[in-house]
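Subject: Structure handover

Hi there,

Here is the structure I promised to pass on to you.

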Amino acid sequence: MRFTNVDVRFTFPSKNVKGTFTQFSFPDTVHLDSLQPQEWKASIQVGSIETGNAIRDWHLMSKKYFNRKEFTTMEFHTESLIKTSNGYQIKGNIRIKGVQKPLELRIEKNPSKDYYTAIGELFSSDFGIWIKKKKEENKVTFRIRFGLKESL
């Protein structure tokens with residue numbers, strides 16, 4: 001199977017900011033129904049952030065936040081994929097600004113549509129991106145919606 005129609009969105013609840021990333025790469029093939037270990041590597045270009053405010057987006061690229069000059073991508077590497085009663089759970093590591101942390105994603109299949117949604121959350125402050133002073137106010141939730149099609 002290969003990924004199709006990928007859409008990456010995030011929410012920063014404490015500032016009521018929503019946005020997307022428009023440039024990313026995901027694995028060429030994926031086998032959700034395989035119980036064999038799989039290694040997925042995905043990356044997102046930090047410079048492709050869109051929050052609806054060009055000045056904010058530009059500011060987020062500065063050294064204080066994403067530091068795009070030194071760290072152009074965020075990367076995620078899987079360690080395990082587990083089938084659950086209502087979808088899948090992926091465990092892996094995410095690297096942002098050179099800092100690597102564990103990350104778990106929940107994947108659910110939309111029952112009435114032909115797509116999946118991966119859902120997760122992290123704290124930007126864990127990666128040296130302090131938007132607010134308190135850690136809990138730096139929570140970012142995100143979802144990655146994608147389709148899967150048979151590989152040719």
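The lining of the largest pocket divides into 31 nonpolar, four polar and three charged residues. Here Ala, Val, Leu, Ile, Met, Phe, Trp, Tyr, Cys and Pro count as nonpolar, Asp, Glu, Lys and Arg as charged, and the others, Gly among them, as polar. That makes a lining of 38 residues, and F10, F21, F66, M74 and V140 lie nearest the centre of this pocket. The space in it comes to about 740 Å³. A pocket is found on a 1 Å grid over the protein atoms alone, as an open set of points where a 1.4 Å probe fits, with protein on both sides within 12 Å along at least five of seven lines; lining residues have an atom within 4 Å of a point. Grid points are joined across faces, edges and corners, and the volume is the space filled by probe spheres set on the points.

The second largest pocket holds about 160 Å³. Its lining consists of W58, H59, M61, S62, K63, N67, R68 and K69, which split into two nonpolar, three polar and three charged residues.

Before going further, a word on what you are looking at: this is a predicted model, in which local features need pLDDT of at least 70 and side-chain atom pairs count only at pLDDT 80 or more, while totals for chains, interfaces and linings use all residues. Residues are numbered from 1 along each chain as its sequence is written, and side-chain values use heavy atoms, with hydrogens and water left out.

Now the fold. Ten strands make an open sheet with antiparallel pairing, in the order β3-β4-β6-β7-β8-β9-β10-β1-β2-β5. The edge strands, each pairing on one side only, are β3 (24-25) and β5. Strands (E, at least two residues) and helices (H or I, at least four) are DSSP runs, numbered from the N terminus, and two strands pair if DSSP finds at least two bridges between them.

Strand β1 (residues 2-12) is joined to β2 by five bridges, and the two run antiparallel. They form a hairpin with four residues between them, and N16 in the turn has a positive phi of about 55°. The bridge partner of V8 in β2 is F21. On to β5 (residues 49-50), which is antiparallel to β2 and joined to it by two bridges. Further along the sheet, β8 and β9 pair over four bridges, again antiparallel, with E108 opposite T117 in β9.

Why is β2 largely enclosed by the rest of the structure? Four of its five residues are buried, where buried means under 20% relative accessible area, exposed over 50%, and partly exposed in between (1.4 Å probe, protein chains only). T20, in β2 (residues 17-21), is buried at a relative accessible area of 14%. Opposite T20 stands E50 in β5. Leaving aside neighbours within four places in sequence, T20 is in contact (heavy atoms within 4.5 Å) with V8, R9, F10, S48, I49 and E50.

The largest nonpolar core has 37 residues, and those with the most contacts inside it are F21, F66, I96 and F146. Such a core is a set of buried Ala, Val, Leu, Ile, Met, Phe, Trp, Tyr and Cys residues joined through side-chain atoms within 4.5 Å. The largest share, five residues, comes from β10. Not counting residues up to four places away in sequence, F21 touches V8, F10, I44, Q45, V46, S48, I49, F66 and M74.

I144 sits in β10 (residues 139-149) and is buried, with a relative accessible area of 11%. Beyond its neighbours within four places in sequence, I144 is in contact with V6, D7, V8, F26, Y116, T117 and A118.

F3 lies in β1 and counts as buried at 13% relative accessibility. Among the residues that F3 touches are F26, W40 and F146.

Lastly, two backbone angles to look at. Most residues other than glycine have a negative phi. N5 in β1, however, has a positive phi near 50°, and N5 counts as exposed at 67% relative accessibility. N67 has a positive phi of about 55°, but N67 is buried at 9% and is found in the loop between α1 (54-60) and β6.

Best wishes
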